[in-house]
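Dear colleague,

I am passing on the structure below, followed by notes on what was found in it. Please read the notes with the structure open beside them.

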Amino acid sequence: MYRFAVIVFPGSNCDHDCYHAVKHVLGEGCEFVWHEEEDLSRFDAVIVPGGFSYGDYLRTGAIASLSPVMKAVADFASNGGPVIGICNGFQILVEAGLLPGALIRNSSLQFVCKWVDIRVERNDTPFTYNLEVGDILRIPVAHGEGNYFTTDEGIKTLKDESRVVFRYVTPEGEASPEANPNGSIDNIAGICSEEGNVLGLMPHPERCAEELLGGEDGRLIFESIISWLDAGRDKRQRAEIPAMKADA
Amino acid sequence: MKEYRVKVEVKLKPVVLDPQGKSILSALRNLGFGEVEDARIGKLIELTIKDGSADNVEERVTEMCRKLLSNHVIENFDVKVEEKNV
């Protein structure tokens, strides 16, 4: 059984959904970790959940990114451990500098809460390990500031390094403006770190991890993390992702 | 003992789309202010700083902007220091 950490900030509100998905749907170990904790070395994977940490004051994720636990998240990530930031968790990872760019107000100015289709752009990350490039997942989004922005230079780097993991697409798989719920550059729904072990995405896989919730595609992302952990060091080295601290 | 009032203006970079500004622009034009060419929204942060030897107020506030008050990916900032004797 693997140990997942779900980081809890004042204002997190998807923490229990993530806990439920990991613990009850997938049957893995899961623990809430208060943002004042400074050590994550006992975990195999870290989830930075969605919500409205610190009321979105100043900028979404800005205050939470300075919490003591974020230093531990950075250490965990630099040791190769898988870190997934969902929605506000993505915003926090960006503000913390673990992922590049910024998430700004949706181009519509509206809070967008709906099902979207996202296309898998690479499957050599811990989060897409069981998926194929081109697979389309149906996952809900719920955010007011999910419009991914980066500089021209930044977008070039993301493309050159294949760091876009998910794009918003039509059900047929086309990354068109109509499929883009928030105005994100290049229909970006999720990106990863240079090493691939840190993912940020706006859609909520924990909200569709079982049929009762209207869809199960989100489970594929969590199951991928587990399969990736199962595959162990050899496979990871092949993917040129540094070994996890837990293996050391 | 000197007290400083510092105004920090945080503005979206020109290259960043500002949908709030666009909405205001459109609302102003609907009100008959057709002369408005553009509208951009920013933030004003006012700081009160107490430091007897604060010849480095601007430098310190600039550091605050870099570390927290602004996000360099999307925003520019401007620091204005006003001196006030207490």
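**The interface of chains A and B**

In this predicted model, chain B and chain A bury about 1,200 Å² between them, 70% of which comes from carbon and sulfur atoms; buried area here is the accessible area (1.4 Å probe) that two parts lose on being put together, summed over both. On the side of chain B, the residues that lose the most area to chain A are B:Pro19, B:Leu68 and B:Val73, which together make up 38% of what that side buries. Each chain brings 15 residues to the contact, contact being heavy atoms within 4.5 Å.

The rule finds one salt bridge across this interface, taken as a side-chain nitrogen of Lys or Arg within 4 Å of a carboxyl oxygen of Asp or Glu. A:Arg59 forms a salt bridge with B:Glu75, their closest N and O atoms lying 3.9 Å apart. Helix 1, strand 2 (42-50) and helix 2 (57-69) of chain B are the elements that give two or more residues to the side touching chain A, and helix 1 gives the most, with three residues; helices (H or I, at least four residues) and strands (E, at least two) are DSSP runs, numbered from the N terminus.

**Conventions**

Residues are numbered from 1 along each chain as its sequence is written, while chains are lettered from A and ligands numbered from 1 in the order in which they are written. Local features need pLDDT of at least 70 and side-chain atom pairs count only at pLDDT 80 or more, whereas totals for chains, interfaces and linings use all residues, and side-chain values use heavy atoms, with hydrogens and water left out.

With best regards
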